[in-house]
Amino acid sequence: MRSRAVQGGWAVVLQRGDDLLGSLQQFARDSGVRAGFFTGLGAVCDVQLAYWDMERREYLRTDLDGDQEIGALTGNIAQLDGQPFVHAHAVVSGHDLLARTGHVMRARVSATVELFVHDFGGAIHRAPDAAIGLKLWQL
């Protein structure tokens, strides 16, 4: 992973083999970003996407085989129990070019992932929301 401060935030490049979520958490720790928004593109493999089922109050997960092109990657960084928490969603496709989308549970960089991270300049914390069953922003 490489990063550089740029106007309005950070340019971040993840390299082949990097864990997408783990690398973003490490970036947040290293850079001091306590809350922010990111967007990116690239290519990943070993992808698991999920959908939050409100009735079951659990994620329904889908594993995707092979390399996946990221058509859109978006998410945020907040604090959970004093540590960076990365919440990411993606639209990806394989060789068939059929889009699949959802909450990113896991992904490993297969070529590169290039991101822009906007630092909010302060902290936003997450906490459990009993009605929904997820850890949501506390503003």
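The following questions and answers explain how several residues of this predicted model are described.

Residues are numbered from 1 along each chain as its sequence is written, and side-chain values use heavy atoms, with hydrogens and water left out. Because the model is predicted, local features need pLDDT of at least 70 and side-chain atom pairs count only at pLDDT 80 or more, while totals for chains, interfaces and linings use all residues.

Q: Why is N76 called buried?
A: The relative accessibility of N76 is 14%. Buried means under 20% relative accessible area, exposed means over 50%, and partly exposed lies in between (1.4 Å probe, protein chains only). N76 therefore counts as buried.

Q: Why is T74 called partly exposed?
A: T74 has a relative accessible area of 32%, and partly exposed is the class between buried and exposed. T74 is therefore partly exposed.

Q: In which strand are T74 and N76 found?
A: T74 lies in strand β5, residues 68-80, and N76 is found in strand β5 as well. Strands (E, at least two residues) are DSSP runs, numbered from the N terminus.

Q: What makes the pairing of N76 and R126 a polar contact?
A: The two side chains meet at 3.0 Å. A polar contact is a pair of N or O atoms within 3.5 Å; within protein, one must be able to donate a hydrogen and the other to accept it, and residues adjacent in sequence count only if both atoms are side-chain atoms. The pair of N76 and R126 is listed as such a contact.

Q: Which residues does T74 contact, leaving aside its neighbours within four places in sequence?
A: T74 is in contact with F37, F38, T39, H87, A88 and H89, where contact means heavy atoms within 4.5 Å. The C-alpha atoms of T74 and F38 are separated by 5.6 Å, although these residues are 36 residues apart along the chain.

Q: What makes F37 part of a nonpolar surface patch?
A: F37 has 39% relative accessibility and thus counts as partly exposed. Like charges are joined within 9 Å, and nonpolar side chains (Val, Leu, Ile, Met, Phe, Trp, Tyr) within 5 Å. F37, F120, W137 and L139 form the patch, with about 450 Å² of accessible area together, by the Shrake-Rupley method with a 1.4 Å probe, only the protein chains shown counting as cover for residues.

Terms used. Patches are made of residues with over 30% relative accessible area and no salt bridge: like charges are joined within 9 Å, nonpolar side chains (Val, Leu, Ile, Met, Phe, Trp, Tyr) within 5 Å. A salt bridge is a side-chain nitrogen of Lys or Arg within 4 Å of a carboxyl oxygen of Asp or Glu. Helices (H or I, at least four residues) and strands (E, at least two) are DSSP runs, numbered from the N terminus.
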